[in-house]
Amino acid sequence: MQQILVIPLHFCSFLTTTYLNPCQLQSQMLPLREIPGDHGFPFFGAMKDRHDYYYNQGTDEFFNSRIRKYSSTVFRTNMPPGPFMASNPKVVAVLDAISFPILFDNSKVEKNNVLDGTYMPSISFFGGYRPCAFLDPCETKHSSLKSLFISQLSKSKNNFIPIFHSSITNLFTGLEDGLAKRGKAEFNPLSDEISFEFVFRLFCDNNNNNKNPNSVGPKLFDKWLFLQLAPLITLGLKFVPSFLEDLILHTFPLPSILAKSDYQKLYDAFYNSSTSFLDEAEKNGIKRDEACHNLVFLAGFNAYGGMKILFPSLIKWVAAAGKDLHRRLADEIRTVVKEEGGIITVSSLNRMNLTKSVVYEALRIEPPVPFQYGKAKEDIIVNSHESSFLIKKGEMIFGYQPFATKDPKIFKDPEEFDPERFVGEEGEKLLKYVYWSNGRETEDPTVENKQCPGKDVVVLLNRLMLVEFFLKYDTFQVEASTILLGPSLTFTSLTKAK
């Protein structure tokens, strides 16, 4: 397939690599500069940018070439899929760690229907409702739904570790069986299955777990996700001409009817198995039908979709770091768990400083959701490292997160995976520049913001993945390639703990 463990191109070659103290950055007096760049000729400018983005340059070089051209990490461009699907593909790109957080300021930017970018999939994908993720915090329904999600996660906190522990057994069994029979084992299908099982068991009543559609659930969600996100991806098939793929994927929305029966199966499974959640929703004035469609979105898009990318990404980077990191992780994890009496607890996870840092570093270097959007509610002054820029009311602001979280003026050797980057007092100060959750890692999700309600659960599950792994194994090797959503891993060796 593609080459193994591809590292993206260096971020903005014009910037000096001198490392600055982040505490000094915000206080700089910056000159006001006109936003460079343009959108080209009507229609044709957007077509050219789309072709460059998908087929000529690829994502990283698309942005890097413009950063070099304009000597700026803030500029104007067109973002795919436009021009057909997007009513207005014109955006102001913010591509450094200082300008990017404007997208978190809900007093200045609107987040109405911008989850997927400058277009929104048909609400037919979601049972005729706009899910919470597409609502702006100023909308009353957003507060009601997000409050329900946060409350549900809080009530389930004692179940996170035991459910994950029981689910991950199938992952290890599958990897060992594959290696024994074929000399290699595919990680992603096994990871998807345990992710779906965890999500379903977490959100649904325990006494209805026999209705878990685990054998087909991941495939149903995968199809549903693909049809929504098709305008944002490229298949990269060598035997299909680029113009034909562009016509099929990026010109017109794929119809929701293709996922209708699959989605109905998922909806029915969650509706029949989440009585307590739906009862709580009704108490808070939310219709059961709407609450269940939102639950399917939360479980499928946010939770399952996130883990579908996060777990392979985490394992890929840990594998690439090699045996020395594996030994240190195993030593830390086994020592702490032994001192806790052989039990994995939240308290024991918090004592594993290297393990925590590795998870944060994986989220920094390859954030699961690379794009963020928001529309300016008013005229806004936005700072980069070198300049200030005026973004006018109504303009769409776009952020490419991997550039913000690999900003060389914030992070030393930003393209390198540094397992100890966030260890110690100085390392913890850098957490405010980790943005994967649609907010700073140092902040918490509330009904007033758009930060992922399951932010802390995601970090916990990634730590648990490492803990469970290194309690059982000493080291491992993988081959990695790129697929539609994140990396695809094949295990080629797995050494059991001695």
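Mentor: Start with a term: helices are DSSP runs of H or I with at least four residues, numbered from the N terminus. Keep in mind that this is a predicted model.

Trainee: In which helix does Gln 152 lie?
Mentor: Helices carry numbers counted from the N terminus. Gln 152 belongs to one of them, helix H4.

Trainee: Is Gln 152 buried or exposed?
Mentor: The cut-off for buried is under 20% relative accessible area. Gln 152 has 11% relative accessibility, so this residue counts as buried.

Trainee: With which residues is Gln 152 in contact, leaving aside neighbours within four places in sequence?
Mentor: Set the neighbours within four places in sequence aside. The contacts of Gln 152 are then Phe 203 and Phe 277.

Trainee: Over how many bridges do strand E5 and strand E8 pair?
Mentor: Strand E5 covers residues 371-376, and strand E8 covers residues 396-400. Gly 374 has Ile 397 in E8 as its bridge partner. The two strands are antiparallel, and the number of bridges is five.

Trainee: Which buried residues does helix H7 have, and what do they pack against?
Mentor: Helix H7 runs over residues 217-229. Its buried residues include Leu 220, Phe 221, Trp 224 and Leu 225. The buried residues of H7 pack against helix H6 (187-203), helix H9 (260-273) and helix H11 (288-321).

Trainee: How far does H7 reach from its first C-alpha to its last?
Mentor: H7 has 13 residues. At 1.5 Å a residue, 18 Å is expected. The model comes close to that, with a reach of 18 Å.

Trainee: Which element gives the largest share of the lining of the second largest pocket?
Mentor: This pocket has a volume of about 430 Å³. Its lining has 20 residues, and among those nearest its centre are Phe 160, Lys 455 and Asp 456. Helix H4 (140-155), helix H13 (346-350) and helix H17 (455-472) each give two or more residues. The largest share is six residues, and it comes from H17.

Trainee: Which contacts does Met 120 make, leaving aside neighbours within four places in sequence?
Mentor: Met 120 sits in the loop between E3 and H4. Its relative accessibility is 24%, so it counts as partly exposed. Its contacts are Asn 113, Phe 126, Arg 130 and Phe 134.

Trainee: What value does phi of Asn 113 have?
Mentor: Asn 113 lies in the loop between E3 and H4. It is a residue other than glycine, yet its phi is positive. The value is near 60 degrees.

Trainee: Is Asn 438 buried or exposed?
Mentor: Asn 438 is in the loop between helix H16 (424-429) and H17. Its phi is positive too, about 65 degrees, and it is not a glycine. With a relative accessible area of 15%, Asn 438 is buried.

Trainee: Last one. Which residue in the turn between E9 and E10 has a positive phi?
Mentor: Strand E9 (residues 473-482) and strand E10 (residues 487-496) pair in the antiparallel sense over nine bridges. Seven of the ten residues of E9 are buried. The two strands form a hairpin with four residues between them. The turn residue with a positive phi, about 85 degrees, is Gly 486.

Conventions: Residues numbered from 1 in each chain as written. Predicted model: local features only at pLDDT ≥ 70, side-chain atom pairs only at ≥ 80, totals over all residues. Heavy atoms only, no water. Pairing = 2+ DSSP bridges. Expected span 1.5 Å × (residues − 1). Buried < 20%, exposed > 50% of the residue type's maximum accessible area, 1.4 Å probe, protein only. Contact = heavy atoms within 4.5 Å. 1 Å grid on protein atoms, 1.4 Å probe; cavity = no way out; pocket = protein on both sides within 12 Å on 5 of 7 lines; lining within 4 Å. Points joined across faces, edges and corners; volume = space filled by probe spheres on them.
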